[in-house]
Amino acid sequence: GSVLGIILAAPFGLLAARNTSPHPWIYQGTRMFLNANRSLPEIVYALIFVAAVGLGPFGGVLALAIGSIGSIGKLYAEAIEQVDPQQVLAVRATGANPLLTFFYAVIPQALPVIASYSLLLFEGNIRHASILGIVGAGGIGFIIGKYMALFQYTRLMGAVILMILAVTLIDRTSDFLRKRII
């Protein structure tokens with residue numbers, strides 16, 4: 001869900017950044033779309049996708065992907081807007097066309113921040129996945145919901161401890177990766 005959300009959010013991030021959007025109307029429309037997407041929590045998307053595709057992890061993956069577009073797209077846009085315009089002008093001064101200017105001036109400056117935001121999205125989606133599973137979207141949340149419904153508290157505690165360990169491991173790994181990127 002995180003990977004699909006990142007892939008889907010990237011074009012919206014470009015269109016929602018003032019310095020890369022081709023027209024003010026596209027900028028405003030994209031920002032409005034991202035705001036609308038961000039206004040619904042992932043659990044609402046989970047309920048919609050579980051109803052549309054049935055119970056199981058596929059609905060959860062879709063809910064995380066679509067639910068991630070608004071927040072990560074906005075963060076990508078803000079990272080792109082923070083690039084140094086002097087570097088962009090320097091690349092343009094060499095005669096580079098807009099595409100080359102984007103690849104050699106904008107992406108190198110924004111990529112570390114975008115990668116860091118993407119890792120944070122992944123961490124958040126791990127936690128969201130546990131909630132989505134309780135409404136039938138599969139994963140660890142489904143197991144936690146089952147143990148709660150069957151009053152199997154020792155197994156519930158084991159699942160919660162495993163989830164805490166998994167989130168901690170992912171947090172440490174992404175922290176290590178963020179330090180290497182930035």
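This is a predicted model: local features need pLDDT of at least 70, side-chain atom pairs count only at pLDDT 80 or more; totals for chains, interfaces and linings use all residues.
The protein chain contains eight helices and zero strands, and its elements accordingly read α-α-α-α-α-α-α-α when followed from the N terminus. Taken along the principal axes, the box filled by the C-alpha atoms is roughly 70 × 35 × 20 Å. Of the 182 residues in the protein chain, 36% are buried. Among contacts with a separation of 6 or more, 66% are accounted for by residues 24 or more positions apart.

The crossing in which α2 passes α4 is left-handed. On the α2 side the contact is made by Tyr 27, Arg 31, Phe 33, Leu 34, Asn 37 and Arg 38, while α4 contributes Ile 66, Gly 67, Ile 69, Gly 70, Ser 71, Gly 73, Lys 74, Ala 77, Glu 78 and Glu 81. Sorted by class, the residues of this contact of α2 with α4 comprise six nonpolar, five polar and five charged.

Helix α3, residues 42-53, also packs against α4, with axes that come within 8 Å and cross at roughly 140°. The two helices α3 and α4 are therefore oblique to each other, and α3 passes α4 in a right-handed crossing. Here Glu 42, Tyr 45, Ala 46, Phe 49 and Val 53 of α3 meet Phe 58, Gly 59, Leu 62, Ala 63, Leu 64, Ile 66 and Gly 67 of α4. The contact of α3 with α4 is made up, by class, of nine nonpolar, two polar and one charged residues.

The nonpolar interior can be followed next. In soluble globular proteins, nonpolar side chains tend to be buried together. The largest nonpolar core of this model has 19 residues, and those with the most contacts inside it are Ile 80 and Ile 114. Two or more residues of this core are given by each of α4, α5 (85-93) and α6 (98-137), and the largest share, six residues, comes from α4. If neighbours within four places in sequence are left aside, Ile 80 is in contact with Gly 13, Leu 14, Ala 17, Asn 19, Thr 20, Val 106, Ala 110 and Ile 114.

Leu 4 lies in helix α1, residues 2-15, and is partly exposed, its relative accessible area being 33%. In helix α2, Thr 30 has a relative accessible area of 8% and is buried. Not counting residues up to four places away in sequence, Thr 30 touches Phe 12, Leu 15 and Ala 16.

Thr 101, a residue of helix α6, counts as buried because its relative accessibility is 3%, where the limit for a buried residue is under 20%. Residues up to four places away in sequence again being left out, Thr 101 touches Val 88, Val 91, Arg 92, Ala 96 and Val 106. Val 106, one of the residues touched by Thr 101, is also in contact with Ile 80.

Phe 151 is found between α7 (140-149) and α8 (153-181), and at 61% relative accessibility Phe 151 counts as exposed. Most residues other than glycine have a negative phi. Phe 151, however, is a residue other than glycine with a positive phi, near 55°.

Methods. Residues are numbered from 1 along each chain as its sequence is written. Side-chain values use heavy atoms; hydrogens and water are left out. A crossing is left-handed if the near helix is turned anticlockwise from the far one by less than a right angle, and right-handed if clockwise. Helices (H or I, at least four residues) and strands (E, at least two) are DSSP runs, numbered from the N terminus. Contact means heavy atoms within 4.5 Å. Ala, Val, Leu, Ile, Met, Phe, Trp, Tyr, Cys and Pro count as nonpolar, Asp, Glu, Lys and Arg as charged, and the others, Gly among them, as polar. A nonpolar core is a set of buried Ala, Val, Leu, Ile, Met, Phe, Trp, Tyr and Cys residues joined through side-chain atoms within 4.5 Å. Buried means under 20% relative accessible area, exposed over 50%, partly exposed in between (1.4 Å probe, protein chains only). Axes are lines fitted to C-alpha atoms, for helices over the stretch in contact, and angles run from 0 to 180 degrees between N-to-C directions. Angles under 35 degrees count as roughly parallel, over 145 as roughly antiparallel, 65 to 115 as roughly perpendicular and the rest as oblique.
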